[in-house]
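Welcome! Take a moment to look at the sequence and turn the structure around before reading on.

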Amino acid sequence: MRLVYRFGIAFLVVILVAGAVLAVTFDAHRTDVEESTNASVVDRAELSASILDDRLEEQRRTVAVGTINPDLAAHGTDRQDEALERFVESTAFDGASLVDEDGEVQSFDTTTPGFESEAVVGADFSDRTYVQRGLAGEQHVSDPFRAQTGNTVVVISAPIVVDGEVVGSLNGASQLERTGLFDILNGDDEREAITVATETETLYSTADRFDETVTRSADLETVEWTVTAHRDRAAVDDRINRLAVFQAVSGVALLGSIVVFGGWVYRSKIRRIGQFADRVKALERRQYDAGPSFEGATEWRRIDDALERLGTALARREQMLLVLNRILRHNLRNSLNVVAGRASDLEERLDGAEQESAREIRLATGELLTLADRARMTEELLDPVGEESPRIDLAAVVHERIVQFGLTGDDDAKPNLTVTVPDRAVAVCGPEVAVAIDELLANIADHAGSEPTVAVTVETDDETVRIRIADDGPGIPADEAAVITGNRAISQVSHTGGIGLWLVDWIVSQYDGSLLIPPRESSDAASDDGATVVLEFPRAPDSAPSDGSEEQN
């Protein structure tokens, strides 16, 4: 996969991961806001219930302490009325009443304007639960009810005990419409509200100003009331919206930074690498002055200068090679043709030793002409392989070249030849491979002896097609094989005697193949361990290795 595509995929992954992290972070913060709000509302409800419990308990104690006053037990006297009036004035109650042991009202006092206390004195309250509980010797907090004053009240009653006997009940009343009982529940936060309710009715509420609220409830221990704390939903949503705006701004800044950084990396690195690859491909195509120039950082300018120098050097060397080839193909060849012609004329005219000398000159000149023809192939190999790699069936090519070379037939002078090839062996290579096979077969004919044994094998596997040519001749000298395969550098001491194996190596290398010369089993240069040469080519991608093989002698 091209680097730019990998960079694009990696960049997209980074963007998606960063976006996912931002989304998860926002969701986590939103959850924190919700949980924090819920916890705050729960705490407010529980605190309000606790405060109201304490307030009611305080009023219960106030009533209990008030019953100690002996004047309150003096039924029907002015002392009792005065004591009850002082009790109402000194407490938070909006009114109070005294009943005797029969439940008859003996005294009554209220802060309600215009209400006549005499209208209540003498009334029978014995059917009221708070009176019954008080006369039974218990303290009691009544459920809210509508009193004769027209107000909804809650009464706290306590027994009046004289000499161990209950002689009446003191009843303190709080008017829920204007009492300060619930005022303490109101906080300073305008976004919060409180509702106090029984199972059947609402006693107090400040939540009417909100359209929608987050609510949590808590029950009182003193009475069967429920306190509900409210939090304005609009305030919670506003907090979440501010969080969303902050998160969006942070996300835009983060993603923008990533995009800017990615753009910088692309422009300064990825695109430069692509330009570098284009310059290298231009060099491979022998376009030494083509390709974009690098700008920017000092390192890229140094690379640009190095590629420029490399292109100049390659162009100069190719020019030298082309000039040398043209000298071989034209000047030297023409001169050699003249020499060969004159040697042939001399060979026909002369006799004896002079004729043999002329013949040697003609043969040597012919070898030089053949060498010049083979050298012409090097110029053709300079052209790079095209975009679409060629495909050749090497099994068919091997058969064809063996037949063409004349190594098969009934002639007794022909070598003992064994050919083993599969039905098909399609490799990534061009028609020049036939020249490489010819060179190896010619090498056998020239150096393997008069009656050589030759084995030619074509093998395939999942990735490679191999041509193996082996003979029992004197073999290839180790030094020469090391130079051809690149294991030893060319020098005045280490070199090869011809161009044949070089040509084979250049043809194979042009298609990303390999020329292998396995080492001889014996280190003795005079031994006849034979020569083995292996050509390896990449197998064509859509061709399966053949299982069947054919062997012929």
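Which residue follows α10, and what is its phi? The residue after α10 is D512, and its phi is positive, near 60°. Keep in mind as you explore that this is a predicted model.

**The whole protein**

Let us begin with the overall picture. The protein is built with ten helices and 18 strands. It has 553 residues, and 39% of them count as buried. The accessible surface of the protein is about 31,300 Å², and carbon and sulfur atoms account for 50% of that surface.

**A covered helix and a hairpin**

Now go back to helix α10, which spans residues 500–510. This helix is mostly covered, with nine of its eleven residues buried. Among the buried ones you can find W502, L503, D505 and Q510.

For a strand pair, look at β9 (residues 213–219) and β10 (residues 226–232). These two strands run antiparallel and are joined by seven bridges. Six residues lie between β9 and β10, and the two strands form a hairpin.

**Aromatic rings**

Next come the rings. A pair of aromatic rings is described by the distance of the centres and the angle of the planes. The count for this model is four aromatic pairs. Two of them are set out here.

| Pair | Centre to centre | Angle between planes | Arrangement |
|---|---|---|---|
| F87 and F93 | 5.9 Å | 20° | stacked |
| Y130 and F145 | 5.8 Å | 20° | stacked |

Why does the pair of Y130 and F145 count as stacked? The planes of Y130 and F145 stand at 20°, and planes under 30 degrees apart count as stacked. Y130 belongs to helix α3 while F145 belongs to strand β4 (residues 145–146), so this pair ties together parts that are 15 residues apart in sequence.

F145 has 22% relative accessibility and counts as partly exposed, because buried means under 20%.

Where is G137? You will find G137 in the loop between α3 (129–135) and β3 (140–141). G137 is partly exposed, with a relative accessible area of 41%. A158 is 21 residues away from G137 along the chain, and the C-alpha atoms of the two are separated by 7.3 Å. Not counting residues up to four places away in sequence, G137 touches P159 and V166.

Finish with D109, which has its place in strand β2 (residues 105–110). Why does D109 count as buried? Its relative accessibility is 17%, and buried means under 20%. Which residues is D109 in contact with, leaving aside its neighbours within four places in sequence? They are L84, E85, V88, G95, A96 and S117.

Notes: Residues numbered from 1 in each chain as written. Predicted model: local features only at pLDDT ≥ 70, side-chain atom pairs only at ≥ 80, totals over all residues. Heavy atoms only, no water. Pairing = 2+ DSSP bridges. Helix = DSSP H or I, 4+ residues; strand = E, 2+ residues; numbered from the N terminus. Buried < 20%, exposed > 50% of the residue type's maximum accessible area, 1.4 Å probe, protein only. Contact = heavy atoms within 4.5 Å. Phe/Tyr/Trp six-rings, centres within 6.5 Å; stacked < 30°, edge-to-face > 60°. Areas by Shrake-Rupley, 256 points an atom, 1.4 Å probe, with all protein chains shown as cover.
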